[in-house]
Amino acid sequence: MSAATRDAAPAEVVHPTGRILRTRNGALSLRIDSRVLVVCLLILAAALAVCVVSIGTGDFPLSPAEVLRTLTGHGSKATEFVVITLRLPRVLTGLLVGAALGVGGAVFQSLSRNPLGSPDIVGFTTGAATGAVIALLVFHAGAAVVAVAAIVGGLVTALLVYLFAWKRGVQGYRLVLIGIGVSAMLASVNSYLLTRADVRDAQAAAVWLTGSLNGRGWEHVRPVAAALLILLPILLLFGRRLRLLEMGDDTATALGVPAERSRLILIVVAVAITAVATASAGPIGFVALAAPQVARRLVRAPGVGLVSSALMGAFLLVASDLAAQRLLAPTQLPVGVMTGAVGGVYLAWLLAREWRSRIT
């Protein structure tokens, strides 16, 4: 074996919380925490189980065995039409949108060092909704233009919040406070547009603003899948910098991390992935807020994890969608109603917990 091959060969190092895999020259390393790995696998298994049950739910009920047979190519033509054409796109959209919201929320909560620093709280999701509402109500655009407008709206809102929060750098509390203010103003713009629109257009826009997976097809799956495929590796690559930024800009800079440039890249990528998710399913609330915190408590990690947050976001959204389908069956609620109801309780608990921790 040559010296170059020996240097590139992976080495395994025992760590108190797991194992570290790295090349012998130390250029690349990966720490595998055994608890994090087990929890992530359990969340993934739970999400897939919910997906199988959700695919089998509807006017044409299917057992889990029939769903699995159809997914593996051994179903009848009738079950293939129901599963592949009608129900699978909705479930996949829920999985991918939930993962995108979960990882986006993890990035913003980590950067702001605040559990309230999620895209739906600091205005980025609302900005994406404003872009979509303008396209729907002002220009009467189609689905493709609405999706592009949502992405542009989210990115423009993020730029405004970033510029307003800039004062010799961007601090987490300023980002959250200014984001909440911008979100309130944009919500007012959305309400004004709804009041001035035609009744039928306003009803359609109101349903979209609630956040829904009803009627989702493969055209909604592909954009989110492409966004995750392109943008998620970038976030994972910057994961180490994200952990260092949690320690403060001075510490991160001392350890060789360009703090402001790294923060800007992370914000742009996280906003883009959140905006694409919003374009596909509407501004579904509270998934980005709750998923990173629930995942962090399950893995018992000191900070939010990107992979665990993405998996928890996917699980929360598909589980909420299943509940929205079956709670008042045959009437199907928009999934945003379910996440809003559960998320409101979670937000109240989180605020009360933060308040108690500050006075004790």
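Residues 24 or more positions apart account for 68% of the chain's contacts with a separation of 6 or more, a contact being heavy atoms within 4.5 Å. The model is predicted: local features need pLDDT of at least 70, side-chain atom pairs count only at pLDDT 80 or more, and totals for chains, interfaces and linings use all residues. Residues are numbered from 1 along each chain as its sequence is written, and side-chain values use heavy atoms, with hydrogens and water left out.

The chain has 15 helices and 3 strands. These are DSSP runs numbered from the N terminus, with helices (H or I) of at least four residues and strands (E) of at least two. Of the 360 residues, 48% count as buried. Buried means under 20% relative accessible area, exposed over 50%, and partly exposed in between (1.4 Å probe, protein chains only). The accessible surface comes to about 17,800 Å². Carbon and sulfur atoms hold 67% of that surface. Areas come from the Shrake-Rupley method with a 1.4 Å probe; for residues, only the protein chains shown count as cover.

Side chains of opposite charge can pair when their charged atoms come close. The count here is 3 salt bridges, each defined by a side-chain nitrogen of Lys or Arg within 4 Å of a carboxyl oxygen of Asp or Glu. Arg90 and Asp321 form one of them, at 2.8 Å from N to O. Arg90 lies in helix 4 (residues 77-112) and Asp321 in helix 14 (residues 306-326), so the pair ties together parts that are 231 residues apart in sequence. Both residues, Arg90 and Asp321, are buried.

Arg263 pairs with Glu260, and their closest N and O atoms are 2.8 Å apart. Both partners sit in helix 12 (residues 259-281), 3 residues apart, and are thus separated by about one helical turn. Arg263 and Glu260 are buried. Asp198 and Arg200 also meet in a salt bridge, at 3.6 Å from N to O. Asp198 is partly exposed, at 40% relative accessibility. Arg200 is exposed, with a relative accessible area of 65%.

The structure holds 2 cavities of 30 Å³ or more. On a 1 Å grid over the protein atoms alone, a cavity is a set of points where a 1.4 Å probe fits but cannot get out; a pocket is an open set with protein on both sides within 12 Å along at least five of seven lines; lining residues have an atom within 4 Å of a point. Grid points are joined across faces, edges and corners, and a volume is the space filled by probe spheres set on the points.

Helix 4 gives the most, with 3 residues. By class, the lining has 3 nonpolar, 2 polar and 2 charged residues. Ala, Val, Leu, Ile, Met, Phe, Trp, Tyr, Cys and Pro count as nonpolar, Asp, Glu, Lys and Arg as charged, and the others, Gly among them, as polar.

The second largest pocket has a volume of about 370 Å³. It is lined by 18 residues, with Thr57, Gly58, Arg87, Gln325 and Gln332 nearest its centre. Helix 2 (34-55), helix 4 and helix 14 each supply at least two lining residues. The largest share, 4 residues, comes from helix 4. The pocket lining has 6 nonpolar, 7 polar and 5 charged residues.
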